[in-house]
Amino acid sequence: MSKSPGAKRPTKKLDEADVKGFLDHEVITPSHTLRNFARKMDTGDDSSGGIDFDAIERAEAALAELSSEFDSWMDMEVARLVAARDDAANGMTAAIRAAVYTASHDIKGEAATFGYPLAGHIADSLCGLLDGIPETDRVPVSLVLQHVDAIRAIVRESAKGDNHPIALALRDRLVSVTSDALVALTGSPPLAPS
């Protein structure tokens, strides 16, 4: 395999990342993306297929080091969602809807990394519900509350992974009810099935 003439190899190492400290967290900005390290490189006849497995191992080690924080980060995300849920229980407004959506969207994106993929699926369903109903006064608040309560229960019970039977049943039921609610309220199912 030959190296393309315009291709450049990274000149910095992954451990040369910029670290910016804040009161309660740090933001680590790697000098290069994982994609750059994993891209095919001119490695000759070795069996790596051109993938820099050392870089991937370093990234996985960094992630494993951070994993001890995942449960507390997930707890914080759920607390933010539950606060928005409690506000919604007292009456849905556009601002409360936005707070529920933002918190749910964050969980949708982070839950799998934090070990709670089924909570992420339920958050995805909640986002789909909110995306599918433009009018705030038509959003079925009870269904929003059920989504949040399910996410909270999954995290509280440490139902990690993607095969916890009760979490699976919750996810399947909420996705089904959400699809039915969207059809009943708007005439169409979620844009992207979960």
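Guide: F70 and W73 both sit in helix 3, 3 residues apart, about one turn of the helix. Helices here are DSSP runs (H or I, at least four residues), numbered from the N terminus; strands are E runs of at least two. This is a predicted model: local features need pLDDT of at least 70, side-chain atom pairs count only at pLDDT 80 or more, and totals for chains, interfaces and linings use all residues. Residues are numbered from 1 along each chain as its sequence is written, and side-chain values use heavy atoms, leaving out hydrogens and water.

Visitor: What is pLDDT, and what does the chain average?
Guide: pLDDT is the predictor's confidence in each residue, from 0 to 100. The chain averages 82, and 72% of the residues score at least 70. Over residues 1-12 pLDDT stays under 50.

Visitor: Back to rings. How many aromatic pairs are there?
Guide: The whole structure has 3 aromatic pairs. F70 and W73 have ring centres 5.8 Å apart and planes at 45°, so that pair is tilted. The rule covers rings of Phe, Tyr and Trp (its six-membered ring): they pair if their centres lie within 6.5 Å, and planes under 30 degrees apart are stacked, over 60 edge-to-face, the rest tilted.

Visitor: Is F70 buried or exposed?
Guide: F70 counts as buried because its relative accessibility is 9%. W73 is partly exposed, at 27%. Buried means under 20% relative accessible area, exposed over 50%, partly exposed in between (1.4 Å probe, protein chains only).

Visitor: What else does F70 pair with?
Guide: F70 also forms a tilted pair with F114, 5.1 Å centre to centre with 40° between the planes. F114 lies in the loop between helix 4 and helix 5 and F70 in helix 3, so the pair ties together parts 44 residues apart in sequence. F114 is buried too, like F70. Ring pairs link F70, W73 and F114 into a cluster.

Visitor: New topic. Where is T178?
Guide: T178 is in helix 7, residues 165-186. T178 is buried, with a relative accessible area of 2%.

Visitor: What does T178 touch?
Guide: T178 touches S125, L129, L143 and H147, leaving aside residues up to four places away in sequence. Contact means heavy atoms within 4.5 Å.

Visitor: And S125?
Guide: S125 is in helix 5. At 5% relative accessibility, S125 is buried. Its side chain makes a polar contact with the side chain of H147, at 2.9 Å. A polar contact is a pair of N or O atoms within 3.5 Å; within protein, one must be able to donate a hydrogen and the other to accept it, and residues adjacent in sequence count only if both atoms are side-chain atoms.

Visitor: How many salt bridges?
Guide: The whole structure has 10. A salt bridge is a side-chain nitrogen of Lys or Arg within 4 Å of a carboxyl oxygen of Asp or Glu. R85 and D86 meet in one, 3.2 Å from N to O. R85 is buried at 14% relative accessibility, while D86 is partly exposed at 37%.

Visitor: What network is R85 linked in?
Guide: R85, D86, D149 and R152 are linked in a network of salt bridges.
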